[in-house]
Amino acid sequence: MQEVKAHSLLNKAPLLTRVVGQLFDDEPLNTAPAVRLLNPQSARQRQQFIQTAIQQDYTVFLQLLPASDAGRVENVRGRIKPLRAGRYLVKTDHASYMVRFNQVRYIAHLD
């Protein structure tokens with residue numbers, strides 16, 4: 001077993017106090033910058049463009065509203081596919097999102 005000298009622990013006490021204190025802070029450690037909200041598009045415009053993007057297999061940019069109050073607005077780039085009951089699948093390189101129409105705040109063509 002390795003012996004630890006008391007004076008080496010005392011020298012590290014301020015660092016340990018700061019690190020342990022951060023763990024118990026009320027502030028979240030990982031605070032992502034807020035997404036800049038784009039002007040919302042009309043429902044008719046979003047619906048027409050979603051249908052065009054599906055038919056033409058466009059790569060699109062979407063600004064998605066959270067499904068609950070606990071979530072946050074997300075900017076997503078990917079391809080959109082229709083699902084049942086007014087839902088859509090947005091596939092990106094790293095993730096897939098299943099969204100309802102009312103969660104789409106903004107959509108644009110990227111190709």
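Predicted model: local features only at pLDDT ≥ 70, side-chain atom pairs only at ≥ 80, totals over all residues.
You'll find D57 in the loop between helix 2 (43-56) and strand 1. As for the surface, D57 is partly exposed, with a relative accessible area of 34%.

Side chains of opposite charge can pair when their charged atoms come close. One partner of D57 is R79, and the closest N and O atoms of this salt bridge are 3.9 Å apart. The cut-off is 4 Å, so a pair at that distance still counts. R79 belongs to strand 2 while D57 sits in its loop, so this bridge links distant parts of the chain, 22 residues apart. R79 is partly exposed as well, at 32% relative accessibility.

D57 also meets K81 in a salt bridge, this time at 3.2 Å from N to O. Here again distant parts of the chain are linked: K81 is in strand 2, 24 residues away from D57 in its loop. With 35% relative accessibility, K81 counts as partly exposed.

How many salt bridges does the structure hold? There are three, and we still have to meet the one between E74 and R72, whose closest N and O atoms are 3.4 Å apart. In that pair, E74 is partly exposed at 26% relative accessible area, whereas R72 is exposed at 56%. Shared partners, meanwhile, join D57, R79 and K81 into one network.

Next, the rings. The count of aromatic pairs comes to two. One of them is F61 with Y106, an edge-to-face pair with 6.2 Å from centre to centre and 65° between the planes. Why does this pair tie together parts that are 45 residues apart in sequence? Because F61 lies in strand 1 (residues 59-64) and Y106 in strand 5 (residues 104-109). Are the two partners buried or exposed? F61 is buried, with a relative accessible area of 10%, but Y106 is partly exposed at 24%.

Finally, hop over to A85, in the loop between strand 2 (74-82) and strand 3 (87-91). Its phi is near 60°, a positive value in a residue other than glycine. A85 has a relative accessibility of 74%, so it counts as exposed.

Notes
Residues numbered from 1 in each chain as written. Heavy atoms only, no water. Phe/Tyr/Trp six-rings, centres within 6.5 Å; stacked < 30°, edge-to-face > 60°. Helix = DSSP H or I, 4+ residues; strand = E, 2+ residues; numbered from the N terminus. Buried < 20%, exposed > 50% of the residue type's maximum accessible area, 1.4 Å probe, protein only. Salt bridge = Lys/Arg side-chain N within 4 Å of Asp/Glu carboxyl O.
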